[in-house]
Amino acid sequence: MTDFLAETTTPTALPPTGLPFTKGHGTGNDFVLTLDPDGTGPIDPAFVAAVCDRHRGIGADGYIRAVRSAALPEGRALLQTEPRAEWFMDYRNGDGSVSEMCGNGVRVFAHFLLAKGVAELPEGGELAVGTRAGVKRVTRSGDGYAVDMGPWEFIFPDAAVARGMDSLVDIGGLDVDRPALSISMGNPHTVVALAEQAELDRTELHRAPAVQPVPPAGTNVELVVPSDPLVGSDGVGRLTMRVHERGVGETQSCGTGACAAAAGTRFWAGEGAPAQWLVAVPGGVVGVTFFDGPDNREHVQLSGPAVLVADGTLLPAG
Ligand SMILES: N[C@@H](CCC[C@H](N)C(=O)O)C(=O)O
């Protein structure tokens with residue numbers, strides 16, 4: 001049998017029987033998930049990058065390790081205020097880098113915990129999930145799951161409020177740099193509005209758009225085309241989006257990116273803009289709803305499907 005880990009730069013010891021994994025996706029944003037209650041399994045960047053390699057590994061945009069919150073320092077801190085957040089979503093990008101949060105990932109994570117029988121989510125109930133961006137609350141929704149993603153924030157608030165933009169972005173395939181707004185959903189995003197679908201189609205996202213100034217921890221870039229009319233007769237706002245993810249490249253979908261794209265477009269649209277949005281991405285459609293959170297701040301709810309496609313075993317070195 002071929003052992004793909006033999007080709008990684010940092011050989012990682014897997015158990016002799018191999019490491020069980022599950023492959024899943026949310027609107028085409030795909031993940032390898034492992035159940036690692038004690039947090040003792042491999043997680044070094046070379047291992048994650050090898051697993052996520054689309055030619056030599058399983059292939060995925062991200063790697064998600066399900067660890068009991070009590071087993072990680074970040075998780076233990078969350079348990080102080082939310083003892084029900086038993087499981088922590090340890091999220092890594094496909095290149096092995098750490099991210100604070102993944103919106104599609106948290107739905108797939110919840111689905112994975114339920115499928116493995118280690119968590120419960122009764123109809124009408126909620127599942128509290130620990131993440132590096134705080135506790136996220138997952139409920140069941142029509143097409144899968146809905147997640148309270150918490151409040152959104154401007155990364156450069158002074159410029160955003162004063163000028164309606166805070167950065168310029170050089171995007172492959174477009175001749176002029178475009179104005180943008182940088183928004184945090186726990187992880188960083190830079191949202192660029194384009195005038196029409198033809199512009200979005202000719203955008204080249206095989207190289208990362210160059211953002212100036214770049215947010216302190218780097219950024220994911222969302223290119224959005226607001227629908228015309230922006231708001232349908234049903235009162236719902238609509239957008240089409242493509243995304244270049246930090247630590248990955250262009251992906252089929254990005255949940256936190258869809259939330260940031262809706263937040264930016266809603267801000268640009270001004271007073272009277274709707275609370276409910278549908279964001280079309282190459283891999284499907286996700287819902288974004290703005291609401292008053294329990295902390296009296298404006299929160300964002302993300303909804304969409306979660307699919308598990310296969311179980312397998314990563315083979316040990318040797
Ligand atoms: N695809 C995710 C976001 C994953 C993390 C991102 N690449 C980052 O580095 O912040 C989503 O659905 O939100």
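User: From which domains does the shell around the ligand draw at least three residues each?

Analyst: From domain 1 (4-150 + 306-314) and domain 2 (151-297); these bounds come from an automatic or database domain assignment. The model is predicted: local features need pLDDT of at least 70, side-chain atom pairs count only at pLDDT 80 or more, and totals for chains, interfaces and linings use all residues. Numbering starts from 1 along each chain as its sequence is written.

User: Which residues are the closest to the ligand?

Analyst: A residue counts as near a molecule if its C-beta atom, placed from the backbone, lies within 6 Å of it. Here 19 residues surround the ligand, and the closest are G103, N104, N187, G255 and T256. Helices α3 (103-115) and α6 (255-269) each supply at least two residues of this shell. Helices are DSSP runs of H or I with at least four residues, strands are runs of E with at least two, and both are numbered from the N terminus.

User: How do the residues of the shell divide into nonpolar, polar and charged?

Analyst: Ala, Val, Leu, Ile, Met, Phe, Trp, Tyr, Cys and Pro count as nonpolar, Asp, Glu, Lys and Arg as charged, and the others, Gly among them, as polar. The shell has three nonpolar, 14 polar and two charged residues.

User: How many residues of each domain are in contact with the other?

Analyst: Contact requires C-beta atoms, placed from the backbone, within 7 Å. By that rule 19 residues of domain 1 are in contact with 21 residues of domain 2. On the domain 1 side, α3 and β7 (144-151) each supply at least two residues. That side divides into four nonpolar, 12 polar and three charged residues.

User: Which residues have the most contacts inside the largest nonpolar core?

Analyst: In soluble globular proteins, nonpolar side chains tend to be buried together. A nonpolar core is a set of buried Ala, Val, Leu, Ile, Met, Phe, Trp, Tyr and Cys residues joined through C-beta atoms within 7 Å. Buried means that 20 or more other C-beta atoms lie within 10 Å of the residue's own. The largest core has 76 residues, with the most contacts made by F109, A258, C259 and V279. Leaving out residues up to four places away in sequence, V279 touches L239, M241, A258, A261, A262, V285, V286 and V288.

User: Which strands do the buried residues of α1 pack against?

Analyst: They pack against β2 (29-35), β3 (62-68), β4 (87-93) and β19 (307-314). Six of the eight residues of α1 (residues 45-52) are buried, namely F47, V48, A49, A50, V51 and C52.

Notes. Buried ≥ 20, exposed ≤ 12 C-beta atoms within 10 Å, placed from the backbone. Contact = placed C-beta atoms within 7 Å.
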